[in-house]
Amino acid sequence: MDNQQLVVAVDGQAGAGKSSVSRRLAGELGVPFLNTGVFFRLAALIMARTGCTVDGLAVEFAAHEIGVDGDSGILDGVRVEEELRSLSVAGLLPKVAADPQLRAAILVLERRWVAAAGSAVVEGRDIGTVVLPDAWPKFYLVARDDVRVSRRPEEGRKLLARDRHDMEREAAPLQAAEDAIVIDTSDMGVREVVKRMLLVIEAPGRG
Ligand code: C5P
């Protein structure tokens, strides 16, 4: 790798392997990794803790100090991790992620994080389509339903409903960017997926 900035977008369904793959790819490239799902999980946690409605969530969210570190969130200076993966937080996510005002607030945080990092691997649902349309390369990970459910036994088949909400919502729905490279990870290990991504990134003729 030369020292040109590199911003890789990794979008796709829940359980398609985005986080594991993105973390490892970032490690191989020596750049930071941003899991944007943590912002949405922090918003859902704020909603659960304060009891605010979705209509009031963007304002409530803006009143907190929000940070993301790997798969952990930092809420008002306190690290939260397990709570972000709880079923009560997961249950609020479809409503939370469909709110355009909250998405606008999170978009600012995401872009600020990437601008400060310079190079990064950024994982989410709308990174290649909305948050960082100029990212290169863009990957879109998919996997068969049964495989995705088996990778998240604690959430089980509820994960499929969450995906459906992500794909069907009006605000920044989950979809592959036109220029995204689609990888089906059903029968691939993390190493293999990352290897394939590195081949794209390191191929001559780009930049
Ligand atoms: O990636 P993770 O499963 O932690 O994301 C949690 C939820 O946050 C997703 O189901 C989706 O509704 C929302 N999300 C989003 N846009 C992103 C990242 C996550 O809408 N860029």
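The structure is a predicted model, in which local features need pLDDT of at least 70 and side-chain atom pairs count only at pLDDT 80 or more, while totals for chains, interfaces and linings use all residues. Residues are numbered from 1 along each chain as its sequence is written, and side-chain values use heavy atoms, with hydrogens and water left out.

| Residue (polar side-chain atom) | Ligand atom | Distance |
|---|---|---|
| Arg162 | oxygen | 2.7 Å |
| Asp126 | nitrogen | 2.9 Å |
| Thr36 | nitrogen | 3.0 Å |

Taken alone, the ligand exposes 450 Å², of which the protein buries 98% (accessible areas come from the Shrake-Rupley method with a 1.4 Å probe). Two or more residues of the shell around the ligand come from each of helix H2 (37–50), helix H4 (87–97), strand S6 (120–124) and helix H8 (158–168), where helices are DSSP runs (H or I) of at least four residues and strands (E) of at least two, numbered from the N terminus. The most is given by H2, with three residues.

The shell has 16 residues, and those that come nearest to the ligand are Arg41, Arg103, Asp126, Arg162 and Asp166; a residue counts as near if one of its heavy atoms lies within 4 Å. By class, the shell holds nine charged, four nonpolar and three polar residues, with Asp, Glu, Lys and Arg counted as charged, Ala, Val, Leu, Ile, Met, Phe, Trp, Tyr, Cys and Pro as nonpolar, and the others, Gly among them, as polar.

How values were computed. Polar contact = N/O pair within 3.5 Å; in protein donor to acceptor, adjacent residues only side chain to side chain.
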